[in-house]
Amino acid sequence: MLESGCKAVKEGVLEKRSDGLLQLWKKKRCILTEEGLLLAPPKQPPPPQQQQQQQQPPPAAPSTEPTAKIKELHFSNMKTVDCVERKGKYVYFTVVMAEGKEIDFRCAQEQGWNAAITLQMVQYKNRQAILAVRSTRQKQQHLAQQPHGPRLRSASNSA
């Protein structure tokens, strides 16, 4: 999404419930764009002692950074943001995908991720609906113009 020129609307950290048996909360670095939500592993700067001792990073470190697993949740595949619940210092919410998959998140109440995601998703869906209406109108106008053209020609040919 970011490669296609979408600007980041909001950036920060969200906690995502893992799909595993224990369903642990894992921190994810999140980038909300006009097209969807990017989830990446949190940034972990190397400890200061390591930086001073080694001027060259070990070969494994640079290769893991570019191949870090980034998950993209595109708004076209999202159905809704659901089940918003406030407990203690956290807001818990669920993103429901079009195929029925549910992804649970939590964040500090003051961060407002659920509202930001919902707002961007609604804006995205509205943009898509407007484009669909424009496209339909253009097709109808094109079809409405076609039958008149040949009829006029055929009438003039027969005369």
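Here is a short chat about a predicted model, going through a few of its residues one by one.

Me: Hi! Where does leucine 22 sit?
Reply: Leucine 22 is in the loop between strand 1 (8-17) and strand 2 (25-33).

Me: Is leucine 22 buried or exposed?
Reply: Leucine 22 counts as exposed, because its relative accessibility is 68% and the cut-off for exposed is over 50%.

Me: Which residues form a nonpolar patch on the surface?
Reply: Leu21, Leu22 and Leu24 do. Together they have about 400 Å² of accessible area.

Me: Cysteine 30: buried or exposed?
Reply: Cysteine 30 is buried, with a relative accessible area of 0%.

Me: Let's switch to glutamine 120. Where is its place?
Reply: Glutamine 120 lies in helix 3, which covers residues 113-158.

Me: Does it count as buried or exposed there?
Reply: Glutamine 120 counts as buried, because its relative accessibility is 8% and buried means under 20%.

Me: What does glutamine 120 touch?
Reply: Leaving aside residues up to four places away in sequence, glutamine 120 touches Val9, Leu32, Thr33, Glu34 and Phe75.

Me: Good to know. How many aromatic pairs are there?
Reply: The structure holds four aromatic pairs. One of them is formed by tryptophan 25 and tyrosine 92, with an edge-to-face arrangement: 5.7 Å centre to centre and 65 degrees between the planes.

Me: Which parts of the chain does that pair link?
Reply: Distant ones: tryptophan 25 is in strand 2 and tyrosine 92 is in strand 6 (residues 90-97), 67 residues apart.

Me: And how accessible are those two?
Reply: Tryptophan 25 counts as partly exposed at 23% relative accessibility. Tyrosine 92 also counts as partly exposed, at 22%.

Me: What about tyrosine 90 and tyrosine 92?
Reply: Tyrosine 90 and tyrosine 92 form an edge-to-face aromatic pair too, at 6.1 Å centre to centre with 65 degrees between the planes. Tyrosine 90 is buried, with a relative accessible area of 19%.

Me: So which residues form one aromatic cluster?
Reply: Trp25, Tyr90 and Tyr92 do.

Conventions
Residues numbered from 1 in each chain as written. Predicted model: local features only at pLDDT ≥ 70, side-chain atom pairs only at ≥ 80, totals over all residues. Heavy atoms only, no water. Patch = residues over 30% accessible without salt bridge, like charges linked within 9 Å, V, L, I, M, F, W, Y side chains within 5 Å. Areas by Shrake-Rupley, 256 points an atom, 1.4 Å probe, with all protein chains shown as cover. Salt bridge = Lys/Arg side-chain N within 4 Å of Asp/Glu carboxyl O. Helix = DSSP H or I, 4+ residues; strand = E, 2+ residues; numbered from the N terminus. Buried < 20%, exposed > 50% of the residue type's maximum accessible area, 1.4 Å probe, protein only. Contact = heavy atoms within 4.5 Å. Phe/Tyr/Trp six-rings, centres within 6.5 Å; stacked < 30°, edge-to-face > 60°.
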